[in-house]
Amino acid sequence: VTLEVVPDKFEISGVYPNPFNPVTTIDYSIPQESYLTVKVYDVIGNEVATLVDDIQFEGNYSIQWDAKDFASGIYFVRFNALGKTNVRKLMLMK
């Protein structure tokens with residue numbers, strides 16, 4: 001029997017590899033059903049990608065960002081859910 005543990009907090013638990021070329025995986029958890037947005041921004045604050053924009057159930061998730069069409073540089077992935085925001089820095093090196 002596999003028991004799935006419900007996370008107790010909203011967090012980004014991992015970004016790997018980082019630096020990356022051209023795909024990175026982002027692990028995150030949400031403790032209760034919530035509307036979630038996950039967006040990527042460039043270093044000057046322009047939104048360049050939306051990875052999630054939907055209601056998600058509580059649990060642990062992994063998403064990938066394929067940045068093959070983007071220039072090398074620093075990006076930020078921003079999560080918004082449950083009235084909270086989490087941000088992680090990403091480095092794309094081609």
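Residues are numbered from 1 along each chain as its sequence is written, and side-chain values use heavy atoms, with hydrogens and water left out. As the model is predicted, local features need pLDDT of at least 70 and side-chain atom pairs count only at pLDDT 80 or more, while totals for chains, interfaces and linings use all residues.

Four strands form an open sheet in the order β4-β3-β6-β7, with antiparallel pairing. Strands here are DSSP runs (E, at least two residues), as helices are (H or I, at least four), numbered from the N terminus; two strands pair if DSSP finds at least two bridges between them. The edges are taken by β4 (47-56) and β7, each with a single partner strand, so one side of each is left without a neighbour in the sheet. On average, neighbouring strands of this sheet are turned by 15° against each other, direction ignored; the axes are lines fitted to C-alpha atoms (for helices over the stretch in contact), and angles run from 0 to 180 degrees between N-to-C directions. Eight bridges join β3 and β4 in the antiparallel sense, and threonine 37 has aspartate 53 in β4 as its bridge partner.

Strand β3 (residues 34-42) also holds serine 34. With a relative accessibility of 7%, serine 34 counts as buried, where buried means under 20% relative accessible area, exposed over 50% and partly exposed in between (1.4 Å probe, protein chains only). Leaving out residues up to four places away in sequence, serine 34 touches Asp54, Ile55, Gln56, Ala81 and Leu82, a contact being heavy atoms within 4.5 Å. Lysine 68, by comparison, is 34 residues from serine 34 in sequence and 30 Å from it in space, C-alpha to C-alpha.

Leucine 82 lies in the loop between β6 and β7 (84-92) and has a positive phi, near 55°. Its relative accessible area of 32% makes leucine 82 partly exposed. Most residues other than glycine have a negative phi, and most peptide bonds are trans. Two cis peptide bonds are found in the model: from tyrosine 16 to proline 17, with omega near -15°, and from asparagine 21 to proline 22, again with omega near -15°. Proline 17 is placed in the loop between β1 (11-16) and β2, and proline 22 is found in the loop between β1 and β2 as well.

Strand β2 (residues 23-30) contains threonine 25, which counts as buried at 12% relative accessibility. Its side chain makes a polar contact with the side chain of glutamine 64 at 3.2 Å. A polar contact is a pair of N or O atoms within 3.5 Å; within protein, one must be able to donate a hydrogen and the other to accept it, and residues adjacent in sequence count only if both atoms are side-chain atoms. Beyond neighbours within four places in sequence, the contacts of threonine 25 include Tyr16, Ser62 and Gln64.

Turning to the aromatic rings, the whole structure has six aromatic pairs. Tryptophan 65 and phenylalanine 70 form a tilted pair, 5.2 Å centre to centre with 55° between the planes. Rings of Phe, Tyr and Trp (its six-membered ring) pair if their centres lie within 6.5 Å; planes under 30 degrees apart count as stacked, over 60 as edge-to-face and the rest as tilted. Tryptophan 65 and tyrosine 75 form an edge-to-face pair, at 5.3 Å and 70°. Tryptophan 65 lies in strand β5 (residues 59-66) and tyrosine 75 in strand β6 (residues 73-81), so the pair ties together parts that are ten residues apart in sequence. Both tryptophan 65 and tyrosine 75 are buried, whereas phenylalanine 70 is partly exposed at 21%. Ring pairs link Phe20, Trp65, Phe70 and Tyr75 into a cluster.
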